[in-house]
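Subject: Structure handover

Hello,

Please find the structure below, followed by notes on what was found in it.

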Amino acid sequence: MLVPLAGATAPPTPDPAPEGPRPEVAAPAPAPASISDVRGLWVDAFGPGLKTAAQVRQTVEEAARLGVNTLFVQAIRRGDCLCRRSALPVVTDADLEPGFDPLGEITRLAHGRGMRVIAWASVTGASNTQVPNTSPAHVFRVHGPGAGAASWLARRPDGSWRTGSDAWLDPAIPAAADFMVAGLVSLVRNYPVDGVQLDRIRYPDGGVWGYDPKVLARYRAETGARGTPATTDPRWLDWKRGQVTALVRRISLEVKAARPSAWVSAATITYQAPPAPGDLAAFRKTRTYADVLQDWPTWMQEGLIDLNVLMNYKRDAVPAQAAWFDGWNAFAASVRAAPGDLRGAEVAGGTALYLNPPAVTAAQAARTVAAGLGWVGYSYRTPTLDVYGTRQSTPEGLAAVRDLLTAPGGALARVSPWTAQPRTVRGLLGRVVGTPVPGGRVVEALRGGQVVARTLTDGGGNYGFLNLAPGPVEVRVSGQRWAEPVPEVGVIRYPDLLVRDVQPAASGRP
């Protein structure tokens, strides 16, 4: 997501500068209603801000002065946590105050100032070879490149796994998916955070990942395909994209089962030129969909996420990028729900404070809010281009950007607490067992004999539906069925369904 999961402090590489003249940028038309009232700030741990009690107090104080109502706080980094009560080892960082729990303290202090806290997690982050976690229980030490068949890393066709200095977990490995889910759920169970944000919920850039032998075996078993798929094989890409979406669905269901009121957010990719509003066919030609395999319009429309925060990291001074910025905001607003469904996920535009001077940040934030979207800035630690370039201190940068954001007419001039409740508050989940091929099976939810929803099982046989209407629902999968009421609030867990056949799994979309 926001930072390369490396030891370096640099934020992510922005979109490249296109050639050609800078286009005229029309101001977006005012939205008929607010899509989101979130006004947030990302707080990363690649420098000061979270590592001591004094830093956390200062962070919360600065955020309160800025006027934001939500902090997106780095929690799960690379299979480890900036916290002490999770399913994961604590991060290895010499600057972390001994015994200190950053997530617990910032949540306590922020809540005391009326701000919500969303625990930001790099879902597929596994390790960085320059600054490895030293715990013997860390995922990279137990399931890393030397683990043989027990490795959980995303791999290229030649078996390589590094992208820069980073290692990524593969969402299509069922045991790795279980691990990622458990880490996120432990945050909601053990801390009073207001929700979680899924970062790096995708495959790495390049479109050449997923070639672990276990993943290839799954793909062949579930689809009937033979041989090793080419990196550009549409069926292979669609299957892998489905694995990412299945992980999002599973995380959301398990988080809502632990606490229905918790927000599930995703930090999503907006590379290069946007599709026109409502043009899903054009979206499927973007790098977001075709390269890193994120289908976030589907996540929004199916209630898999409650809040989509676009990583809309553009520089107005670069030709075309101002238009890209407004275009991605408009597209996301247009696809937030199926036609006629007014309940769609909230959308916020995430802007790169570190790429722009304060005046551009203020202008981008104002355009985002004028379009009816929420706004989140990256980041507390690098609030201006001059701070990022070490020409200005963080306090100086925060003061400069605050003066403009909070000025009359600014995006933070009049901010109220973000009190909305998430759209998704109920669902059902279950699992099929007893077969060597549990993944890729069509699961139907029926009411009154009519199919009301359809999905596929993931590699572990897990399935689920979010935000079905309350009342009795029958689930059918591979000749098995079970009926039980969906509650008004909460996630009901159906009993395991025993499947004795060895059917080839479904192909394509459900």
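Thr52 has contacts (heavy atoms within 4.5 Å) with Asp95, Glu97 and Phe100, its neighbours within four places in sequence being left aside. Thr52 belongs to the loop between strand S1 (39-43) and helix H1 (53-66); helices (H or I, at least four residues) and strands (E, at least two) are DSSP runs, numbered from the N terminus. With a relative accessible area of 18%, Thr52 is buried (under 20%; exposed is over 50% and partly exposed in between, with a 1.4 Å probe and protein chains only).

The model is predicted: local features need pLDDT of at least 70, side-chain atom pairs count only at pLDDT 80 or more, and totals for chains, interfaces and linings use all residues. Residues are numbered from 1 along each chain as its sequence is written, and side-chain values use heavy atoms, with hydrogens and water left out.

On the aromatic side, the structure holds 20 pairs (ring centres of Phe, Tyr and Trp, the latter by its six-membered ring, within 6.5 Å; planes under 30 degrees apart are stacked, over 60 edge-to-face, the rest tilted). One of them, Trp296 with Trp328, is tilted, at 6.1 Å centre to centre and 50° between the planes. This pair links distant parts of the chain, 32 residues apart: Trp296 is in helix H9 (residues 296-301) and Trp328 in helix H10 (residues 321-334). Both Trp296 and Trp328 are buried. A single aromatic cluster is formed by Trp42, Phe72, Tyr313, Tyr354, Tyr378 and Tyr388.

Two charges sit over rings (NZ of Lys or CZ of Arg within 6 Å of the ring centre and within 35 degrees of the ring normal): Arg85 over Tyr191, 4.1 Å from the ring centre, and Lys240 over Tyr203, at 5.5 Å.

Regards
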